[in-house]
Amino acid sequence: MLEPVTQTPLAAAPPPSIDPTLNQTPLASSSPPQPPAQQVRSVSSLVGKWTVTDANTSCQIQLSSSATLDLYKASTGNCGIQALRDVNTWSLRNQEIALYAKGRIVGRLQESGSEYIGQVEGQKRPIVMAR
């Protein structure tokens with residue numbers, strides 16, 4: 001006849017040892033949690049329809065992932081912002097979106113939350129690009 005097996009409860013792990021001469025603190029209370037690092041955007045996450053607005057009007061911009069040399073294709077529609085009417089390509093470098101018209105940069109935008117904020121080249125009015 002077999003004897004019943006008894007289980008002994010596991011003891012809790014001892015607290016981390018601290019050497020007072022090294023001025024250490026336990027790992028559990030080290031530093032407060034850090035906010036998550038800013039997510040790096042990819043071209044594919046930016047593809048689609050955006051609305052660019054300035055103080056007076058707006059413009060629809062379609063960003064594509066279809067490459068043309070070292071840029072990507074773009075198109076505009078119902079564009080009330082004169083400088084952006086001819087946008088036909090765009091790029092993403094160092095988390096900055098550059099909008100091009102016939103090979104010339106016409107706008108630069110930096111990420112700000114879910115939007116991109118910048119300005120039209122040569123103008124001081126801000127523009128905002130949002131979905």
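## The overall layout

Follow the chain along its sequence and you get the pattern α-β-β-β-β-β-β-β-β. That's 1 helix and 8 strands, where helices (H or I, at least four residues) and strands (E, at least two) are DSSP runs numbered from the N terminus. Keep in mind that this is a predicted model: local features need pLDDT of at least 70, side-chain atom pairs count only at pLDDT 80 or more, and totals for chains, interfaces and linings use all residues. Residues are numbered from 1 along each chain as its sequence is written, and side-chain values use heavy atoms, with hydrogens and water left out.

Of the 131 residues, 27% count as buried. Buried means under 20% relative accessible area, exposed means over 50%, and partly exposed is in between (1.4 Å probe, protein chains only). The chain exposes about 9500 Å², with carbon and sulfur atoms supplying 54% of that.

## Two serines to compare

Let's start with Ser-44, which sits in helix α1 (residues 43–46). Ser-44 has 58% relative accessibility, so it counts as exposed. Its side chain makes a polar contact of 3.1 Å with the side chain of Ser-42. A polar contact is a pair of N or O atoms within 3.5 Å; within protein, one must be able to donate a hydrogen and the other to accept it, and residues adjacent in sequence count only if both atoms are side-chain atoms.

Now look at Ser-91, in strand β4 (residues 89–93). Ser-91 is buried, at a relative accessible area of 3%. A polar contact of 3.0 Å links its side chain to that of Arg-93. Setting aside neighbours within four places in sequence, Ser-91 is in contact (heavy atoms within 4.5 Å) with Leu-71, Glu-96, Ile-97, Ala-98 and Tyr-100.

## Aromatic pairs

Rings of Phe, Tyr and Trp (its six-membered ring) pair if their centres lie within 6.5 Å; planes under 30 degrees apart count as stacked, over 60 as edge-to-face and the rest as tilted. How many aromatic pairs does that rule give? The count is 2. One of them is Trp-50 with Tyr-116, an edge-to-face pair with 5.9 Å from centre to centre and 85 degrees between the planes. Trp-50 lies in strand β1 (residues 48–53) and Tyr-116 in strand β7 (residues 115–120), so the pair ties together parts 66 residues apart in sequence. Trp-50 is buried at 2% relative accessibility, and Tyr-116 is buried at 0%.

Then there's Tyr-72 with Trp-90: the ring centres are 5.5 Å apart and the planes are at 40 degrees, so this pair is tilted. It links Tyr-72 in strand β3 (residues 71–77) with Trp-90 in strand β4, 18 residues apart. Tyr-72 is partly exposed at 25%, whereas Trp-90 is buried at 0%.

Key:
Accessible areas come from the Shrake-Rupley method with a 1.4 Å probe; for residues, only the protein chains shown count as cover.
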